[in-house]
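Here is a quick briefing to read alongside the model. Have the sequence open next to it as you go.

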Amino acid sequence: MISVKRLQELGLDQPSAARLAAQAAALSAGDSPAECWRRITASALTPEHPFEVHQYVRDGVFRDWDAGRGPPPLWQPDPDLAATSNLGRAMRHAGFSDYPGFHRWSVADPEAFWRLTLETLGVRFREPPVRMLDRSGGPRAAVWLPGARLNIVESCFQADPAARAIVSGSAAGRLTTVTYGELRALANRVSNGLIRLGLAPGEAVAIVMDLRAESLAAYLGIIQAGGVAVSIAESFAPPEIRRRLEIAGARLAVTTFDCVRGGRVLPMYDKVIQSGAFRAIVLEGQSGAASPPLRPGDLHWREVLGDNEAFDARVCPAGDWINVLFSSGTTGEPKAIPWSHVTPLKCAMDGHYHHDLRPGDVVCWPTSLGWMMGPWLVFATLINRGTIALFEEAPTGRAFGAFVADAGVTLLGVVPSLVRQWRASGCMKGLDWSRIRAFSSTGECSNPDDMHYLMHLAGYRPIIEYCGGTEIGGGYIAGTVIQPHAPSTFTGPALGGDFVILDDDHKPADSGEVFLIPPALGLSNTLLNADHDGCYYAETPAGPNGEPLRRHGDQMQRLPGGGYRALGRADDTMNLGGIKVASAQIERVLAGAPGVREVAAIAVAPPGGGPARLVLYAVVDPAGGRSADEWRGTLQQVLHDDLNPLFKIADLRLVDQLPRTASNKVMRRQLRAEYEASQPR
């Protein structure tokens, strides 16, 4: 029973509290708690009610919920949505009435599944593939779309040229649009300019800048011209930019004089110069400050473009590389992962089926081309004929929320730590997010209460939990818009692939480490700077049916009722604010700080779950008598200057020595267990 008094204590006046209590009582009569909750959220609870009221009513409705059925669903699909969604239509076409059956078919018959999917997406081939999959080399070396010749950029420009491709916004509330025709013309000018500069097929060109219309045009123009875009996040420090330029062999970089984040001007061109880039193409900055003179040999963006807006895309075999992205490496060296013309098909498929992207949808996902969700955003949106929404500033405040409303965003992607900031500040209260049809969350473990908070901001929309990796080209586990949603849970394996969960004895389990089952379209098959098989296949166990398995590193729990919950990483990598980084990468940078003898980095989830926090254990020179807080400030500055300013140290413990195995490896699991045991519950 909902108490009027308690509703008043939570911030409602007496008439509002009485009205809501009466509505909730009437709508809770009969039927299941899930159906009662659906009715209450549809007609009684609104985003204007304090979130604590939503939590209180939720707890009342589900007070007798059977935990053996899994977490209670806070969103259920409308029957019409299930029938009219992209996924629902595809299932009917293939003769399936439920998602598990359709998923099994997508894995068992990749020829039929991918033929249907590529026809639905309208992927353009100059020469079609002879078949979808060549298994002759075995699951690890499967070849997708053998015989096909294409340039994937051509599939990005099938919408009406007058349709919006990009809508951009600023903190001042200004909106600008770029049509598909205008974006294609700009990408063509980039391609022509690069060809004039002598770009050879397969040559690497780095992009080190924020996500804006020009960087999207540069990215598409490089690929269209037969080059390989090297994605480097603009947040990295010069030494890390240099490392990535060297790994990819990029002798040319596209950058900007500066970008503005959180009111701070970040000097991008200076960072690229400090990184030792051989040559740069430089765009105007966002700050409005006068542009400094260029180094000899560097070029202004406008000098490169020229006026020719026509370009015939260079056509390539499907397996040719289009993009080099970087992910964490457990040795401290970032893994350089090439994407081919095939990989974007995984992005587009996940967007089409799992996120229900349709022509005209407006997709906002604060990210960067330096992280896989940047290229994912490009291909998933454009191949599905949607609109990419870009905000010029950091997405942490109300100005971003106003942009989401003004731009008519229909799919909003987040990292959980961002939602936690919004909830703590209350900055999104009172905004009209009614045009949002779905959210998506990726990059790190989420907290159920934070995700419930996000749902309530838009009057209850589903959150597609989405987990995968750069080396997958998308997700291996996700949600759909045709299944009920409980916050912070996945509904099942993503289409076209499958996985198993194994315990420490490599036996199938409901909780343990995830291993992927190859082949699956999107899975990488090479690394530029490491042994691919050694990273993903060495010493992996066989699957329950004897099938080869591929290491991924996530820990996952299968829940009662069929859903899944992410438990973090099983290896020595972590997700900090949606950025995947290895403990060894952080330790390598911090070990160079004066007075630091050795350091161990671990990720620790807060009580109740949610985004990981960075905790350091350090052995330092006792001379000088500095406190832990002083050391923390010093090491934070080193992280800021030499690795990434987005990584924040949550806690630092000074110790006399680090625990090590007999083979001298740091026992990070022991440190994590000790730290978690020391925290209040």
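**T387 and its surroundings**

Leaving aside its neighbours within four places in sequence, T387 is in contact with R164, A165, I166, V167, G360, D361, V362, V363 and T381, where contact means heavy atoms within 4.5 Å. Bear in mind that this is a predicted model, in which local features need pLDDT of at least 70 and side-chain atom pairs count only at pLDDT 80 or more, while totals for chains, interfaces and linings use all residues. Residues are numbered from 1 along each chain as its sequence is written, and side-chain values use heavy atoms, with hydrogens and water left out.

- T387 sits in strand β17 (residues 387-391); strands (E, at least two residues) and helices (H or I, at least four) are DSSP runs, numbered from the N terminus.
- T387 counts as buried because its relative accessibility is 3%; buried means under 20% relative accessible area, exposed over 50%, and partly exposed in between (1.4 Å probe, protein chains only).
- The T387 side chain reaches the backbone oxygen of R164 at 2.8 Å.

- A polar atom of the T381 side chain lies 2.8 Å from the backbone oxygen of L377.
- Neighbours within four places in sequence aside, T381 is in contact with Y180, L357, V363, W376, G386, T387 and I388.

**How α10 meets α15**

- Two packed helices are described by the distance between their axes and the angle between those axes.
- For helix α10 (residues 213-224) and helix α15 (residues 373-383), the axes come within 11 Å and cross at roughly 80°. Axes here are lines fitted to C-alpha atoms, for helices over the stretch in contact, and angles run from 0 to 180 degrees between N-to-C directions.
- On the α10 side the contact is made by L216, Y219, L220 and I223, and on the α15 side by P375, V378, F379 and L382.
- By class, that contact has 8 nonpolar residues, no polar ones and no charged ones. Nonpolar covers Ala, Val, Leu, Ile, Met, Phe, Trp, Tyr, Cys and Pro; charged covers Asp, Glu, Lys and Arg; the others, Gly among them, are polar.

**The three-stranded sheet**

- An open sheet is formed by 3 strands in the order β30-β31-β32, with mixed pairing; two strands pair if DSSP finds at least two bridges between them.
- Its edge strands are β30 (596-604) and β32 (649-654), each pairing on one side only.
- Direction ignored, neighbouring strands of this sheet are turned by 25° against each other on average.
- Strand β31 (residues 613-620) and β32 pair in the parallel sense over 5 bridges, and Y617 stands opposite R653 in β32.
- Helix α20 (residues 583-590) packs on the sheet, touching β30 and β31, and its direction makes about 150° with that of β30.
- Helix α22 (residues 668-678) also packs on the sheet, touching β30, β31 and β32, at about 65° to the direction of β30.

- In strand β15 (residues 335-340), 6 of its 6 residues are buried.
- K335, I337 and W339 point one way from β15, while A336, P338 and S340 point the other way.
- Strand β14 (residues 321-327) runs antiparallel to β15, joined by 6 bridges, and S327 stands opposite K335.
- E333 is found in the loop between β14 and β15 and is partly exposed, with a relative accessible area of 30%.
- The E333 side chain makes a polar contact with the side chain of R243 (2.8 Å). A polar contact is a pair of N or O atoms within 3.5 Å; within protein, one must be able to donate a hydrogen and the other to accept it, and residues adjacent in sequence count only if both atoms are side-chain atoms.
- Not counting residues up to four places away in sequence, E333 touches R243, I247 and N529.

**The β26-β27 hairpin**

- Strand β26 (residues 550-558) and strand β27 (residues 564-569) run antiparallel and are joined by 5 bridges.
- The hairpin has 5 residues between the strands, and G561 takes a positive phi near 95°.
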